[in-house]
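Grab a pencil and work through the exercises below. Try each task on your own before you read its solution.

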Amino acid sequence: MSSLPPTMKAVLIERFGGPEVLAYCDVPTPQPGPGDVVVEVRAATVNLTLDIHTRQDGDGRNPMLPLVLGSDPVGVIAAVGSGVDSRRIGEHVAVASTLACATCANCTAGRPDACTQPRHLGIHRWGGYADYVRVGASDVRAIPADLDFTSAAAIFRHFPAAYGLARKAGGCHDQTLLVMGASGALGAALVQIGKQRGSRVVAAAGSDAGVQAALELGADAGINYRRHDLEAEVMAATDARGVDVAFENSGDSKLWAAAFACLARNGTMVTAGAHGGDEVAVNIKRLYRLKLRILGGTANTEEDFVATCDAAVRNRLRIPIHCILPLSRVAEAHELVSSRTAVGKVVLVPDRAA
Ligand SMILES: [Zn+2]
């Protein structure tokens, strides 16, 4: 049985455009269908690509309209549909951003992380900029109940992805890593995972404050790539050997090439972002002579989520929070993230909880 209110507050976009297309309004509260849960949202983060770019022009992802943005809500299960025995009302959960189709060959073979037609919450399905969100019961995962929701939203947005990237790169145990954009949330997560696993972490960021923030998270060396030559500094920090793994998530053509030039023999470049551009030049001779690998994309699995829960319970994870705003101030939140002046995440919470 559910006792959901008939209507709820949500941020709806009916067309693409500037922050003015974000309408804070009343819409019908979603009711759980068979196999669904409805989550009472407590927090959702604002992300440059998933939220801002989708709002501006759809980001080439063919989103549904009208749309409620919000790819990573966390909250409390408020209602369960028929046939759901895996989840219970009152459970604290994070909603997976990527929703497996449940019908493709990989999904039916028990590999939803390799789904061939994944859909994205807040792009292809109404997301978490709302009081409630409806998703499949298999799309939510229990999170530690003693974790505050704003921290949880930021942690579960970025750490499963970061653990997934580290896993793709071979685990990042006892290696030398270069983390570009180390003051960003994903970068901050990668710095912490590298240190947990005994690696030496060289953190690079575009400001002295960003470098300092990464050093405070445990990075062994820091480089401001706006003021210094990245390759020269990385070589100086690694006895001229270079790094085993470089994480580069900006897609900026100069930064990407510079990070690629820092790879040691058999090194791996991992890339999962392109907010700074989407075309880069690759030195092919370097690629094959040094037997380098370039890996793309996130694919976080249950294992990455469990790793995040375990580390969060031990209170070892930190994602800086810039500010917490009520949903009704969503336009301001988007402007803040667009301006790239926020240091840390901007988190939205429903007005009733603000
Ligand atoms: Zn599938």
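**Exercise 1: a loop residue**

Decide whether Thr-103 is buried or exposed.

Solution. Thr-103 has 10 other C-beta atoms within 10 Å. The rule, with C-beta atoms placed from the backbone, is: buried at 20 or more other C-beta atoms within 10 Å of its own, exposed at 12 or fewer, partly exposed in between. Thr-103 is therefore exposed. You'll find Thr-103 in the loop between strand S7 (98-99) and helix H2 (105-108); helices (H or I, at least four residues) and strands (E, at least two) are DSSP runs, numbered from the N terminus.

By the way, this is a predicted model: local features need pLDDT of at least 70, side-chain atom pairs count only at pLDDT 80 or more, and totals for chains, interfaces and linings use all residues. Residues are numbered from 1 along each chain as its sequence is written.

**Exercise 2: one side of a helix**

Find which residues of H1 are buried.

Solution. They are Leu-50, Asp-51, Thr-54 and Arg-55. They cover an arc (of the directions from the helix axis to the C-beta atoms) of only 100°, so they sit on the same side of H1. Their packing partners are strand S1 (7-13) and H10, where contact means C-beta atoms, placed from the backbone, within 7 Å.

**Exercise 3: what follows H1**

Work out which residue just after H1 has a positive phi.

Solution. Look at Gly-58: its phi is about 90°.

Conventions: Contact = placed C-beta atoms within 7 Å.
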